[in-house]
Amino acid sequence: MPQTTGAFSNACGAVQISLDALTWQDISGSTQSVTGTQQSKMSGEAYTFDGRGPIVKGGKFEPLEVTFTIVYTEVLAEAYEIARAVFEQDGCEVEVYARWSPGGGLPGTSWLQIFGPIVNFTYPEIDASTAMPVMGAFTIKTGQVTTVTAAS
């Protein structure tokens, strides 16, 4: 098999957030990374008196927590203020959609999409010994990642 020519650069992705999965806000310009994207499935095993190994069975998806590391800004239409407003809402039913595209969201590329509550929010820390931008983060807990192809 020849070497692929379809790889993507990490630096050219896209990230969006939505409350309804219809109207998406692009937060790419204030998002540094998306991590925690490994999904696991339940598994179980049983041992019997016969045989050398266990009987292993698989099950349903386990939840995963996807973390978005974001640049702290005080701009209402950027990632920090959008996520903070969702996180600080009262009520048990507050959930959000988020999606990221390794291909930058270009037509024909895939979006990886999740839905769930923001379960962690990192308020900004400051440190006088560095000139690094002030950062924050938010984590969405979800049951599954779905893949959607960007419209052409």
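This report describes a sheet, a helix and a nonpolar core in a predicted model.

## Ground rules

Local features need pLDDT of at least 70, side-chain atom pairs count only at pLDDT 80 or more, and totals for chains, interfaces and linings use all residues. Residues are numbered from 1 along each chain as its sequence is written, and side-chain values use heavy atoms, without hydrogens or water.

## The sheet

Four strands make an open, antiparallel sheet, in the order 3-6-10-9. Strands are DSSP runs of E, at least two residues long, and helices are runs of H or I, at least four long, numbered from the N terminus. Two strands pair if DSSP finds at least two bridges between them. Strand 3 (31–35) and strand 9 (118–122) are the edges, each pairing on one side only.

Strand 3 is joined to strand 6 (residues 64–71) by four bridges. There, V34 has F68 as its bridge partner.

## The helix on the sheet

Helix 1 (residues 79–87) packs on the sheet and touches strands 3, 6, 9 and 10. Contact means heavy atoms within 4.5 Å. A85 lies in helix 1. Its relative accessibility is 40%, so A85 counts as partly exposed (buried is under 20%, exposed over 50%, partly exposed in between; 1.4 Å probe, protein chains only).

## The core

The largest nonpolar core has 21 residues. Such a core is a set of buried Ala, Val, Leu, Ile, Met, Phe, Trp, Tyr and Cys residues joined through side-chain atoms within 4.5 Å. Helix 1 gives the largest share, five residues. F68 and I118 are among the residues with the most contacts inside this core. Beyond its neighbours within four places in sequence, I118 touches residues including A83, F87 and F138.

Methods: Axes fitted to C-alpha atoms, helices over the stretch in contact; angles between N-to-C directions.
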